[in-house]
Amino acid sequence: MRNRLWPVWLWLAMMLVCATLAARANYRTDMGDFLPRARSLGEAALEAQVNGGGAAKLLLVAIDGAPAQTLETLNKKLSGRLRKVPEFAAVLNGDDTSLAQTQAFVWKNRYLLSPATTAQTFSVAGLHQALENGLALLGSELGDMAARTLPADPTGAALGLAQSLGGTTSGPRTDNGVWMSPGNHATLLLLRTKAPGFDLDAQQRAQAVLTRNFAIVRADTPDAAAARLRMTGPGVFAVQTRNLTKRDVTRLSLLASAGAVLFLLFAYRSLLALGLGLLPVVSGALTGIAAVSLVFGFVHAITLGFGVTLIGEALDYSVYLLTQTQQEGGARATMERIWPTLLLGALTSIAGFAAMLGSSFTGFAQLGVFSITGLATAACVARFVLPLLVPDGFFASGAEGIGWPLRWIQRRRRTVRLVLAGTACLAVLALGLHRGGFWQTDLLSLSPLPPATQALDKKLRAELGITPPRDFLAWRADSEEQALRISETLQPILAKLVAQGAISGFSLPSEILPSRSVQLARRSALPDDATLRARFATASSGLPFRADAFAPFFHDVTAARAGPLLTAGDLPPPLALRLQSMLTHTDNGWTVLAPLDTVKAPTKVQAALPRGVALVNLNKQSALLLHLFEQEAKILAICGSLAILLILAVFLRSLQKIIRVALPLAASVMVAGAALTLGDGKLSIFMVAGFMLIVAVGSNYCLFFSRWDEDGRARERAFASIMLANLCTVAAYGVLSLSFIPVLHDIGETVALGTFLCLLYGAAFATSAQSQSP
Amino acid sequence: MIFGPNTLIRWLTICGLVLLCAQTSRGFTLPTLMARLAEVQDASARFTETKHVPILNIPLQSSGTLSYRAPDYIRKTTFAPARQNFVLRGNIVTLTINGKTKHFTLSQAPQLAGLVEGVRATLAGDLPTLQHYYELSLSGRLAHWQLIMRPHNVGLARINAVMCVTGAGDRITEIDSTSAKGGETIMQVDETIQNAQ
């Protein structure tokens with residue numbers, strides 16, 4: 001007895017190991033980890049953007065629904081409260097305190113930050129010129145402001161910096177110290193969370209803190225009862241998406257499994273059998289996770305989701321075994337009998353999935369490893385473990401009549417074949433005549449968020465003046481210092497391009513934090529106190545300035561000469577975040593992304609750039625990525641199909657038999673593809689996984705249909721098992737197609753339709769001629 | 001002596017203002033003045049400006065031309081001592097000083113916005129905007145009026161403590177503004193060039 005049960009013990013031990021590995025695996029959700037390893041600068045740029053540096057931490061907030069003055073009060077009170085909570089790194093609402101920290105930093109470090117800190121500026125001639133300019137400024141409309149800054153900053157170092165570091169070029173209108181939307185309908189806030197954008201739990205907490213504080217503020221403000229707060233931003237989107245998905249997944253998958261469970265219970269009339277039926281797929285999933293974690297070092301959440309779908313075929317293994325088990329002989333004898341078919345089915349799927357291993361998309365490669373190990377394990381469990389656990393004398397008494405629709409097709413085979421063949425021809429025709437690409441290229445349409453939410457985001461971004469830049473200069477460096485030095489060499493080139501009108505503006509990391517070498521040079525350009533005073537006296541002679549007016553200037557220059565150089569750690573939060581959004585530290589150095597405003601002459605910009613610096617357009621880059629994806633999907637499909645044909649050829653060794661299995665499969669895929677792209681329909685990238693599953697599951701149907709060596713009764717049970725397997729699949733995936741979440745809907749629709757077609761085409765074309773009679 | 005010289009002057013000023021207010025003709029109110037100002041579609045003038053700046057030994061003198069076109073275009077061109085140009089069109093300011101031109105929007109310089117809007121709203125007779133930025137008090141009669149404007153906003157008050165606009169009928173004759181730091185600017189307006197561009 002003990003000897004006979006050794007596969008069970010081995011399996012239990014293996015599951016224990018895999019479960020431990022799965023529990024300790026590193027799960028990731030960053031989209032960037034799913035994409036191909038970045039090789040070109042453009043890909044690196046896209047990756048940095050997708051992984052969302054500073055931009056992913058933004059929360060855009062609008063408060064409306066009350067008179068303008070009430071909105072102002074609400075905004076001020078809310079900002080005051082939010083500045084005290086730990087969730088937010090920055091709360092900007094247009095008041096002076098939002099800017100005060102940055103202004104104080106720029107003012108204090110103006111000589112290290114300003115490109116005008118040169119020996120020339122501090123010469124007698126330079127100082128004289130500066131004082132003349134100052135005098136002109138005093139007489140202008142900016143005179144009152146100049147009168148305040150001139151005594152400490154006669155060279156205008158801070159004035160020049162205010163323009164480059166002052167922030168957005170087209171911010172919202174400030175009214176009584178808060179930002180107001182055009183028409184005073186809403187007041188605006190811009191928040192930055194401390195937590196990174198991909199930490200969805202922290203993002204959700206921050207959003208809850210915002211909502212709660214708004215409720216408190218609204219309660220103690222008169223006339224504010226109707227005011228409402230609306231927020232958007234990457235974090236808000238991510239949390240909303242997750243919650244929508246969670247809701248749909250729990251609700252629909254409950255419903256979906258309920259359907260499948262009902263069918264299985266009806267057929268098996270045994271709870272134990274129902275539980276046993278899950279063993280292969282659960283074992284497969286655990287092994288899959290363990291294998292991916294061992295090979296890649298991490299498991300992507302998307303791999304997990306799609307992977308479990310791909311090895312859904314393993315559920316059918318137990319359906320075949322349990323439904324076909326006959327009273328005489330029991331499960332072990334049945335498994336001996338159906339194993340060759342099951343093995344071939346598993347091998348064809350594995351061959352199909354193996355093509356994914358070669359993909360440059362890390363996610364695809366992970367899916368390949370997951371599904372291959374998962375299916376292999378599931379097949380082994382079904383073969384060696386499951387039969388030992390099925391109680392003696394088990395018989396799926398409810399499955400008796402389940403196969404009748406297939407028998408009906410068999411009886412009217414001629415008519416059914418005609419109809420199905422005609423449909424397949426029409427499908428091929430439709431695919432041939434299809435205009436435009438087959439693939440969904442609009443990434444937004446893949447977003448599960450309602451259009452109203454997307455529209456609000458667009459509006460708030462425009463009003464706050466933070467439309468994400470599309471064009472970047474990208475370069476790589478070994479160190480932060482080198483990255484900043486390259487940035488400094490680009491400064492004059494870009495300034496010239498702006499003057500020529502090729503671009504309308506730019507931001508460089510070295511404007512926020514100059515390299516150490518440049519800072520050193522600037523510091524040493526400052527003269528000592530005695531020299532400066534002497535030069536200043538000469539420079540100001542003949543000008544109407546009061547002699548004692550410039551004491552703050554002499555003090556500040558002396559302080560700057562003795563002060564330390566700036567590091568990234570010294571920057572105030574708003575500037576630090578801007579620097580972070582441009583500099584990305586990766587495993588092999590630093591990647592820099594410097595945004596450009598409206599590139600009007602790309603070729604001119606490209607020609608002006610030094611080697612190693614690239615002009616990157618993110619729209620083009622993501623289109624390129626989708627194109628790559630499409631190419632790979634095609635290659636995977638072709639390689640997978642060839643591999644499946646090869647496996648069939650090796651095992652079946654008969655052209656007639658190969659055709660009998662492959663033809664219905666090909667026809668089903670064609671019809672499903674034509675149906676999904678009917679009219680203006682496009683295939684989404686999610687449907688790729690669906691098609692793979694169709695082929696994996698459908699090949700099993702066809703293989704069982706094409707068995708030629710069975711007697712009438714065994715055949716009857718085989719039909720019943722295929723019918724039951726398909727009922728479960730269609731029930732489960734059909735329910736998923738009701739979801740509004742694109743990924744669930746697309747996969748559900750594809751798989752439910754495709755596998756049902758496989759059942760029809762298989763029953764009509766794959767069955768052997770010998771047993772045509774009922 | 002109970003009264004110092006400063007207090008005495010202030011006392012006299014208050015008396016003068018009271019007298020002036022008593023003379024204010026019935027029916028001459030802010031809306032009346034604003035309605036008159038709003039009728040002006042187009043105006044040009046010469047100006048001379050005297051600016052007292054605390055860090056300078058002598059006051060700065062300048063002169064040039066002003067032009068206004070309803071509802072929101074203002075240009076101030078200074079010819080002496082050096083050429084400067086200030087243009088406000090809608091929300092965009094174009095400033096040319098020392099041969100360099102800068103563009104910016106009023107929303108980028110909220111403090112300047114209050115200052116500029118004050119002048120422009122007065123010219124346009126836009127009472128709501130004016131009241132949004134300033135506390136207003138009007139004295140005199142239509143033939144000779146004086147409008148005193150104190151900013152509501154603390155930030156604006158730091159730059160421009162009080163602004164006093166003097167006018168006759170629908171013409172402005174003098175703008176006098178005092179900064180919190182002790183600077184004072186007096187601009188005399190001589191509206192002689194009609195419809196000049």
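Q: How many residue pairs are in polar contact between chain B and chain A?

A: A polar contact is a pair of N or O atoms within 3.5 Å; within protein, one must be able to donate a hydrogen and the other to accept it, and residues adjacent in sequence count only if both atoms are side-chain atoms. Between chain B and chain A the count is 6 residue pairs, both residues at pLDDT 80 or more. This is a predicted model, in which local features need pLDDT of at least 70 and side-chain atom pairs count only at pLDDT 80 or more, while totals for chains, interfaces and linings use all residues. Residues are numbered from 1 along each chain as its sequence is written, chains are lettered from A and ligands numbered from 1 in the order in which they are written, and side-chain values use heavy atoms, with hydrogens and water left out.

Q: Which elements of chain B each supply at least two residues of the side that touches chain A?

A: Helices (H or I, at least four residues) and strands (E, at least two) are DSSP runs, numbered from the N terminus. The elements in chain B are β1 (42-52), β4 (84-89), β5 (92-97), α3 (110-124) and α5 (154-159). Of these, α3(B) gives the most, with 3 residues.

Q: What area do chain B and chain A bury between them?

A: The size of an interface is often given as the accessible area lost when the parts come together. Buried area is summed over both parts and uses a 1.4 Å probe. Here the two chains bury about 2,700 Å², with 56% of it on carbon and sulfur atoms. Counting contacts (heavy atoms within 4.5 Å), 26 residues of chain B meet 31 residues of chain A.

Q: Is A:Thr117 buried or exposed?

A: Buried means under 20% relative accessible area, exposed over 50%, and partly exposed in between (1.4 Å probe, protein chains only). A:Thr117 has a relative accessible area of 4%, so this residue is buried. A:Thr117 sits in the loop between α5 (110-113) and α6 (124-138) of chain A. Its side chain reaches the backbone oxygen of A:Tyr111 at 2.7 Å, and a polar atom of that side chain lies 3.2 Å from the backbone oxygen of A:Ser114.

Q: Where does A:Ile402 lie?

A: A:Ile402 is in the loop between α15 (362-389) and α16 (404-411) of chain A. A:Ile402 counts as buried because its relative accessibility is 12%. A:Ile402 and A:Ala720 are 318 residues apart in sequence, yet 5.2 Å apart in space, C-alpha to C-alpha. Leaving out residues up to four places away in sequence, A:Ile402 touches several residues, including A:Phe266 and A:Met723.
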